[in-house]
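Me: I would like to learn how to read an assembly like this one. Please start with the domains.

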There are 2 protein chains.
Amino acid sequence: MNQPYLPHLPLPAALVKELGQRFGKRFSTSQAVRDQHGRDESVHPAAAPDAVVFAESTDDVAEAVRLCHTYRVPIIPFGAGSSVEGHLLAIHGGVNIDLTGMNRIITVHREDLDATVQPGVTRKQLNAELHDTGLFFPIDPGADASMGGMAATRASGTNAVRYGTMRENVLGMTVVLADGRIIRTGGRARKSSAGYDLTRLFIGSEGTLGIITELTVKLYPVPEAISSAVCAFPSVDAAVDTVIQTIQLGVPVARIELLDTLTISAVNRYSKTTLKEAPTLFFEFHGSPTSVEEQATTVQALALDQGGMNFEWATRPEDRSRLWQARHDAYFACLQLKPGSRAFPTDVCVPISRLAECIHATNEDIARSSLPIALFGHVGDGNFHLVVLIDPANPQDVTEAESINNAVVERALSMEGTCTGEHGVGIGKQKFLVAEHGEGAVEVMRALKRALDPDNLLNPGKILP
Amino acid sequence: MNQPYLPHLPLPAALVKELGQRFGKRFSTSQAVRDQHGRDESVHPAAAPDAVVFAESTDDVAEAVRLCHTYRVPIIPFGAGSSVEGHLLAIHGGVNIDLTGMNRIITVHREDLDATVQPGVTRKQLNAELHDTGLFFPIDPGADASMGGMAATRASGTNAVRYGTMRENVLGMTVVLADGRIIRTGGRARKSSAGYDLTRLFIGSEGTLGIITELTVKLYPVPEAISSAVCAFPSVDAAVDTVIQTIQLGVPVARIELLDTLTISAVNRYSKTTLKEAPTLFFEFHGSPTSVEEQATTVQALALDQGGMNFEWATRPEDRSRLWQARHDAYFACLQLKPGSRAFPTDVCVPISRLAECIHATNEDIARSSLPIALFGHVGDGNFHLVVLIDPANPQDVTEAESINNAVVERALSMEGTCTGEHGVGIGKQKFLVAEHGEGAVEVMRALKRALDPDNLLNPGKILP
């Protein structure tokens, strides 16, 4: 994690000149702008790009990429900067293409339940725009991430248990390739068997195969009824068993989130809530009033069997918002447990039958550790996070966090799980890729990278070990 | 369609010898066996492979592929033989690898709602095996296709409107690459952001990038209540408008299928049913008893508004089976409209808002044609088929069917749809690929093919024009 990045050549003067001519004030080599584009939410050391282009269109991106390709200079796409695995760090230098100015919602097809957006549109912006349409976009990773970034990391979050991840919710994209060519993948039909699935190839490719400059995503009718609830449990095991039974019964729950005691106490302090400080599940049910009622009754019965205490309900939109804001702030709340610390997050996901065992063993790791560690996550998918609080300047903290992460990942892989359910590989998860997929599959990934980016210019040093 | 396939070299004697030594009686060059493996359900002229290997394991497949790779001989995977676009035709000769002997259900994880199967397992076989588990596999393309073939063509069918296609329902696969290497893609976690989505790359690749030798697929709890219904309408437009409103309201209907009057009359004759000979929707609702009731009430009201006649209900399993068997037999029923004919199927899929217009205009094509043409399909997805009945030996029939197909595809593409919703490209849809995706995207597909199969040995001549 703290390895120094390799030194790299400065940008060719001719490229700087050409980018300056093409983009004028939308091209910057100022240290402040570079620094701002060289850090994310991760514990990985910052690494500033050599320059930043502020793109406003697909043609801007294509032109910037073409120029960088001519001079064989690395290119790093930049969205909300909310990644937690170092995805945007310019570890080999190069030009950062800031896509936040591409924040236009191009079309909303109400009748087809889809929208086409530029990559800098954030999920909250999209949902605000959809407010009067009766539709919404469900993928919600907590942070107000950009749609392009969410597609690039195959993001998911709290609603995935019902609505799927970015993998299931992008119909088509416009992508700029490593040499500046512009292609269109997918379309607006709900399904197609017309050739290789290029859309899914670019989703989760973290800017290493192409730069997403437009996305068409699925929308859903806002459910007639929505109900949220919290329920405290006597133990994490009891909470997790409730989750497992809910999923196995096929209850179409929209959200089912676990927060452990430490997380709840952090949330109470940060969000001024008064939740009982115990392992807690946050639920949300979507559907018709009777369907929501039915789901809630079933899940309450399951929870009660596991010693779950009373459900506290939130049905008014403002109460639900407050509840989920508290859930989303859990990450920041945990950071306040040790002021000045950084969060080292883990992100494993396992088959649901192994979830209780996996979390149970992980809690033993937590008990043995000297660091404050909060556990929470999207348990309906089998996905949970640890937030290990470290002082990144303290090598002992870093070593201990890494060793916990290694243990958790190793355990998840032994259970046929994955090292990253939703954060992506970036820099931090590379070392697990061969263990998870095997050398052969990783070699296929390398072959795809070589085929689409033979000069290794697109976000080099990410994903592939 | 009727172009003669290029002549090709006979198999090298040394390869025949080595395959014979390795596979014994499971290797055949007999004309009868070859002929049997050189035709599918399509109108494309048969093209027999030079030999057939009957594989029983991943290692068998890998060994056969390795040998073919050594001698640079084409390899064609073979499942149920139910493809309708010539996917399995040995147009460049080569060795057919028959996977029907790999028909073992390896594991069913009830608690994780997944199963791992060999590629020769058919969907009916899997569901029969699941009978006592309370789970089922929903993807249902009508034919009792093999799971490997369904993944290879990104199949879907009647349940896709609720449960998605093979794209959404395969978690991971074992794949043999062009040189015989064996890789594993994906895993058993419900979601992952760990690198490129190799699973989705092989789904829909029609045997041109690798041979699927094992699949892990999602299962679903059998719904507590299932109800099927048929409803006749005064016009196709009225039926389609009912579909569109159902989808736009977000009713989680499990199946919603349109059969036009000609199809219904063919079904009545073939399946001895007494359905009213009018444009008809077949519905199926899944859920709790109250949810099914609610869905049915909503949809009935929508249908009534469109002049829909009484719903005829089927709730007993045997009645539902009879109904859906009749739907699935529509293809064969239509063939009987003109005994001795073959079916030239179309397969477009459009955004739902364009469906009424698309079908309406297509009905004008039908009215102008001299051939019998039935229209039916998975209208909840925006996907419908024409079955154009032709005498393949009559060049006029062929020309007319092709010209109708061209018109239908051109129309669908102009509506941001796809030339193939679920059948795949095979031979028949290649000429539309550039029009649908653009030259740039097709060039990316070619680059992927070159990266994974540089000698063009895997099912050559399919997908890519």
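Reply: Domain bounds come from an automatic or database domain assignment. Here, the C-alpha centres of domain 1 of chain A and domain 4 of chain A lie 31 Å apart. Chain A is divided into domain 1 (13-98), domain 2 (105-221), domain 3 (225-333) and domain 4 (338-432). This is a predicted model: local features need pLDDT of at least 70, side-chain atom pairs count only at pLDDT 80 or more, and totals for chains, interfaces and linings use all residues. Residues are numbered from 1 along each chain as its sequence is written, and chains are lettered from A and ligands numbered from 1 in the order in which they are written.

Me: How many residues of domain 1 of chain A are in contact with domain 4 of chain A?

Reply: Two residues are in contact if their C-beta atoms, placed from the backbone, lie within 7 Å. Nine residues of domain 1 of chain A meet 12 residues of domain 4 of chain A. The domain 1 side divides into three nonpolar, five polar and one charged. Ala, Val, Leu, Ile, Met, Phe, Trp, Tyr, Cys and Pro count as nonpolar, Asp, Glu, Lys and Arg as charged, and the others, Gly among them, as polar.

Me: Why do the copies meet through the same surface?

Reply: Because 100% of the interface residues of chain B are also interface residues in chain A.
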